Amino acid sequence: MLGSVVVGIGIAGSVRMRDLLAPLPSSAAEKFSIKGFVSRRSLEDQQGVKQISMTEALSRDDIHVAFICTENTSHEEHIRQFLEAGKHVCVEYPVTLSYTSAVDLWNLAQQKGLVLHEEHIELLTPDFKQLKKDIAGKTLEEGTLRFTGGSMKPNFGFLSFSGISRLTWLVDLFGELTVTAASLVEEKENKYMKMTAHLLTPQQKPLTWIEERGPGLGRAKHIDLRFQDASITELPAGQREPVGLFMQDLVLFSRKLQDDVSAAELQDERSRILHCLQLADRIQQLSEHTQA
C-alpha cells in the first residue's frame, strides 16, 4: 500500500480525499491508503481523516505520495519539498507558473526515481473526447477557443497559466503551436481581465485563444473551428462515463507508480505539458509587454 497525504482542502483536495477513501474497485487506485491531510487552517477531521503538519507529512516513513491541491502559486515549493523528501507527487494543473521551474522539477523527480504527475482532467471530459473524434481527419483552416468565467482569485497566476487547460485542449487537438502575438486588457477597478493569444498550428493555420474573466461572466467554453469541409461552433455532448474525472486521473497516476504506463506515453505526456508551459510563458511575456 502507498501511504498518501492530501495538501490543501479546497474543492479539488476534498474530491481527492473522497476518491482515496473509496477507490474504483479492482483498479490500480486501490493501492493508496490515506494517512492525513495538510492545511494552513486548523480543521476538524475531514471525511474521517485527521489533519497532520507539513513537517510530519514530509518526514513520516509510511507516507509515500503527496497530492498537491493548493493555490497555483505554492505548487512549486510544495512539489520540491516532497520530491526532496523522497515522495511521489500528484499536482493539480499547472505544475508551476514557469516553464523553467517545471523542467527543473521533472529533472529532480527523474534523479530521485520518483513520479511527478500533473493532473489534466480536461482531456478526460466527455465533450473533449467527442470533439477529438469529430475532428479526426479534418483539415483545420482557422479556429477560436474562448473561455469566460468569474473574476480571478489571487494566487492563481497569469491567465495563460490559470487557464492552461484550454491551451492543453488546443495542443492535444492540433499539435505543437507557435505564439505569434498576445495582449491583455485589464480593468482592475472592475475586476475584469481579457487575454487574447494568437497561435499558429504546425500547418501554419491560425488559432485564437481568449480567456475573459470578470464579475457576472458565466463559466463557459465557446468554440468556432472552421475546416475545409465543415464548421463546429458548439461543443458536442459526449457520452457520460460511470467513472468520475478525478478517479480516472487517480487510476492513471497509480498505474504510473506501478510501472504500468509505457516510456513512450510518459515522454509524450511530459513533452505536451512542457510545451504548453513554454507557450504560457511566451503568452505572458507578450501580454505584459502590450498590456492595454
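This is a guided tour of a predicted model, taken selection by selection. Local features are described where pLDDT is at least 70, side-chain atom pairs count only at pLDDT 80 or more, and totals for chains, interfaces and linings use all residues. Residues are numbered from 1 along each chain as its sequence is written, and side-chain values use heavy atoms, with hydrogens and water left out.

**First stop: strand β1**

Select residues 2-7, strand β1. Helices (H or I, at least four residues) and strands (E, at least two) are DSSP runs, numbered from the N terminus. Five of the six residues of β1 are buried, where buried means under 20% relative accessible area, exposed over 50%, and partly exposed in between (1.4 Å probe, protein chains only).

Then select helix α1, residues 11-21: β1, α1 and β2 make a right-handed β-α-β unit. A crossover is right-handed if, with the strands pointing away from the viewer, the path from the first strand over the helix to the second runs clockwise.

Next, select strand β3, residues 65-68, which forms four bridges with β1, also in the parallel sense. In β3, Ala66 is the bridge partner of Val5, and Ile68 stands opposite Val7.

**Second stop: the five-stranded sheet**

Display the open sheet of five strands, whose order is β2-β1-β3-β4-β5 with parallel pairing. Strands β2 and β5 (116-118) stand at the edges with a single partner strand each, so one side of each has no neighbour in the sheet. On average, neighbouring strands of this sheet are turned by 20° against each other, direction ignored. Such angles are taken between N-to-C directions and run from 0 to 180 degrees, with axes fitted as lines to C-alpha atoms, for helices over the stretch in contact.

An unreviewed UniProt entry annotates residues 5-120 as "domain: Gfo/Idh/MocA-like oxidoreductase N-terminal". UniProt positions are given in the numbering used here, feature names are shortened, and annotations may be inferred rather than shown by experiment. In the model this span is 35% helix and 18% strand, and its end C-alpha atoms lie 20 Å apart.

Select Tyr93 and Pro94, which are joined by a cis peptide bond with omega of about -10°. Pro94 is found in the loop between β4 (88-91) and α4 (99-112).

Move to Gln47, in the loop between β2 and α2 (54-59). Gln47 has a positive phi, near 50°, in a residue other than glycine. Its relative accessible area of 43% makes Gln47 partly exposed.

Show the side chains of Phe32, Phe67 and Phe253, which ring pairs link into a cluster. Rings of Phe, Tyr and Trp (its six-membered ring) pair if their centres lie within 6.5 Å; planes under 30 degrees apart count as stacked, over 60 as edge-to-face and the rest as tilted. By this rule the count comes to four aromatic pairs. For Phe32 and Phe67, the ring centres are 5.6 Å apart and the planes stand at 75°, so the pair is edge-to-face. Phe32 in β2 and Phe67 in β3 are 35 residues apart, and both are buried.

Phe67 and Phe253 have ring centres 5.6 Å apart and planes at 85°, so this pair is edge-to-face. The pair links strand β3 to helix α8, across 186 residues, and Phe253 is buried, as is Phe67.

Select residues 245-257, helix α8: its 13 residues reach 19 Å from first C-alpha to last, close to the 18 Å expected at 1.5 Å a residue. That expected span is 1.5 Å times one less than the number of residues. Ten of the 13 residues of α8 are buried, including Phe246, Leu250, Val251 and Leu257.

Just after α8, select Asp259, which has a positive phi of about 55°. Asp259 lies in the loop between α8 and α9 (263-289) and counts as exposed at 72% relative accessibility.

**Last stop: the six-stranded sheet**

Display the open sheet of six strands with mixed pairing, in the order β7-β8-β9-β6-β10-β11. Strands β7 (178-187) and β11 (231-232) stand at the edges, each with a single partner strand, so one side of each is left without a neighbour in the sheet. Select β6 (residues 140-149) and β9 (residues 206-213), which run parallel and are joined by seven bridges; Phe147 stands opposite Glu211 in β9.

Finally, select residues 128-238, which the unreviewed UniProt entry annotates as "domain: Biliverdin reductase catalytic". This span is 21% helix and 42% strand, with its end C-alpha atoms 8 Å apart.

How values were computed: Pairing = 2+ DSSP bridges.
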